[in-house]
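Hello,

Here is the structure I promised to pass on to you. Have a look at it first, and then read my notes below.

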Amino acid sequence: MRFIELLGVAVFAISGALAGGRKRLDLFGVTVIATVTSIGGGTLRDLLLDRHPVFWIADPSYLWAVFAGTAATVAYTRLWVAATRKALLVADALGLALFSIGGTQIALQAGQSPLIAVLMGMTTGVAGGMLRDLLTGEIPLILRPGRLYATAAIAGPIVFLLLRPVAAVAAPWVGMVIVAGLRLLAIRYELTLPVITVPSDTAEHPVPPKGPDSPPGA
């Protein structure tokens, strides 16, 4: 459990550092974005579950994982490659997988029902990325049309819960594969959920354009 959370924190730190680097922030700014991305979802989960102190205060090693992931990303991008959009999306997908399953497990340990556990897993997975995108001036990935972001963070925990009674050891890893696999396939092949279109009043009753023969006040 702790290993999954530490790995998720480090991977989301990479995602946040890449996002900050793409916006040409300085080292402090990149570290702030990486930290918020890494601990934002877990912090919101702990507050909703009334877990005190929150996980990174109770165990500061999570912050060291953030700093290690950030430093490694900065060094790698400075010395070898640029912070590409593809690398950011891959890191985000891996962090989403780790955090959504980890958050689900923590909610179950807190005595929550399977439904609440799935919602807490999704919250843990998506909230940090939302904060990252808002701070860097991007539309949050969860609000962009399609691409199965929150859907992936829900599907993985559901599979994890279904497998947990019969394969307790393998269930978390299968769930993480489901989350990351769905997210990466959606990015690669532009998979989306059906779009619901509701016609507006103006579309049903268009206003006629004004012309020379229009009555006064039209």
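Predicted model: local features only at pLDDT ≥ 70, side-chain atom pairs only at ≥ 80, totals over all residues.

With a relative accessible area of 14%, Thr-123 counts as buried, because the cut-off for that is under 20%. Setting aside residues up to four places away in sequence, Thr-123 touches Gly-41, Leu-44 and Leu-48.

Next, the nonpolar cores. The largest one has 27 residues, and Leu-96, Val-126, Phe-160 and Met-176 touch the most other members. Two or more residues each come from α1 (2–22), α5 (85–109), α6, α7 (149–163) and α8 (171–189). Helix α5 gives the largest share, 8 residues. As for Val-126, its contacts beyond four places in sequence are Leu-96, Ile-142, Tyr-149, Ala-150 and Ala-153. Apart from this core lies another of 12 residues, including Phe-12, Tyr-62, Val-66 and Phe-99.

The whole structure holds 3 aromatic pairs. In one of them, Phe-12 and Phe-99 have ring centres 5.2 Å apart and planes at 75°, so they meet edge-to-face. Phe-12 belongs to helix α1 and Phe-99 to helix α5, so this pair ties together parts 87 residues apart in sequence. Both Phe-12 and Phe-99 are buried. Phe-55 and Tyr-62 also form an edge-to-face pair, because their centres are 5.0 Å apart with planes at 75°. Phe-55 and Tyr-62 are buried too.

Finally, two arginines: Arg-45 lies over the face of Phe-55, 5.4 Å from the ring centre, and Arg-188 lies over the face of Tyr-189, at 5.0 Å.

Best wishes

Methods: Residues numbered from 1 in each chain as written. Heavy atoms only, no water. Buried < 20%, exposed > 50% of the residue type's maximum accessible area, 1.4 Å probe, protein only. Contact = heavy atoms within 4.5 Å. Core = buried A, V, L, I, M, F, W, Y, C linked by side-chain atoms within 4.5 Å. Helix = DSSP H or I, 4+ residues; strand = E, 2+ residues; numbered from the N terminus. Phe/Tyr/Trp six-rings, centres within 6.5 Å; stacked < 30°, edge-to-face > 60°. Lys NZ or Arg CZ within 6 Å of the ring centre and 35° of its normal.
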